[in-house]
Amino acid sequence: MIGVGKMKQYSNVLDRPLSKGKQEVSLSAFAFLFSELVQYNQTQVDNIAELERRLEDAGYAVGARVLELLCHRDKGNRRETRLLGILSFVHSTVWKVLFGKVADSLEKGTEHEDEYMISEKELLVNRFISIPKDMGTFNCGAFVAGIVRGVLDGAGFPAVVTAHFVPVEGQQRPRTTILIKFAEEVLRREARLG
Amino acid sequence: MAAICSLYIINKSGGLIFYKDYGSTGRMDTNDSLRVASLWHSMHAISQQLSPVSGCTGIELLQADTFDLHCFQSLTGTKFFVVSEPGTQHMEGLLKHIYELYTDYVLKNPFYEMEMPIRCELFDINLTQAIQKDRVALLAR
């Protein structure tokens, strides 16, 4: 093995620095695993809303762990406490670790004060997925919405997060928008902090 | 000007799971295309048995006066074949590419049931692009 001799030996496993690990996994392997996850959940439900909820729950667990890990790894055990801070943390840091790139855009909702949107031209989990016509507006991005909800909830910003397809002019494929609607208490706290 | 007339994908038991025609020549109705698919499946199997050399994997190219038929069989027994104008080149490459698209956009789609007809929007979009690219490359040659 290459570099075996060079590695510093630590007597205690706790002394060893936390390695960043290998940054990438095979997209194919992930796509097959995710496909199986969706197929399994499909056998457990009898309507589409339920399927969406189950995918979101699966993502929530990932989000909670990702927050924990990234706060430790990138932020020296600190976490964002302000609304815009946590949103840009999700939009850039979380996205980069999970999908290898920053999300395409982060916008504030025009109609409601408490709504924010993260848009992605082609969401990684939807790369190979075609939704059948009879499933209507179902979006497998519900899994990613769950991840976002997990991160926000863990950081103390409870929110309702949903994934939607939004048609784009001049494009064959719609983009996916992750809609974040924060709880009232979050906005009240934010207003108090000024 | 269409070099490719039609594309068929048949599952391992000979059922047609995908059919698309390009241009006006060699167009077929649903019943005929199903018949061609199962006929080809049987002929392919017979050719394996009749072959004088051992380890034959079946017909790869059928040349007729008015058309060529190129066939590619995947390891799992799914067969892809295109009917094209006589003497059209580089069909093996195209078939391999179509197989790649099939593994990506059909097999990784959780809503596709194995061995069933293919109805995947992304597969259609990417297939159309691949065929178009192939045509452009053909014109350039």
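Hi everyone. Please keep in mind that we are looking at a predicted model.

Let's start with the interface. Eleven residues of chain B touch 19 residues of chain A. The two chains bury about 1,400 Å² between them, and 63% of that comes from carbon and sulfur atoms. Which residues of chain B lose the most area to chain A? They are Lys108(B), Pro110(B) and Phe111(B), and together they make up 52% of what the chain B side buries.

Now for the polar side of things. One salt bridge is found across the interface. Arg173(A) pairs there with Glu121(B), and their closest N and O atoms sit 3.5 Å apart. We also count four residue pairs in polar contact between the chains.

Where on chain B does this surface come from? Helices α2 (91-105) and α3 (121-140) of chain B each supply at least two residues of the side that touches chain A. The largest share, three residues, is from α3(B). By type, that side of chain B has seven nonpolar residues, one polar and three charged.

Finally, for anyone thinking about cysteines: the whole structure has zero disulfides over all chains. Take Cys56(B), whose nearest cysteine sulfur belongs to Cys71(B), 11 Å away. A disulfide would need the sulfur atoms within 2.5 Å, so Cys56(B) is in none.

Definitions and conventions
Residues are numbered from 1 along each chain as its sequence is written. Chains are lettered from A and ligands numbered from 1 in the order in which they are written. This is a predicted model: local features need pLDDT of at least 70, side-chain atom pairs count only at pLDDT 80 or more; totals for chains, interfaces and linings use all residues. Side-chain values use heavy atoms; hydrogens and water are left out. Contact means heavy atoms within 4.5 Å. Buried area is the accessible area (1.4 Å probe) that two parts lose on being put together, summed over both. A salt bridge is a side-chain nitrogen of Lys or Arg within 4 Å of a carboxyl oxygen of Asp or Glu. A polar contact is a pair of N or O atoms within 3.5 Å; within protein, one must be able to donate a hydrogen and the other to accept it, and residues adjacent in sequence count only if both atoms are side-chain atoms. Helices (H or I, at least four residues) and strands (E, at least two) are DSSP runs, numbered from the N terminus. Ala, Val, Leu, Ile, Met, Phe, Trp, Tyr, Cys and Pro count as nonpolar, Asp, Glu, Lys and Arg as charged, and the others, Gly among them, as polar.
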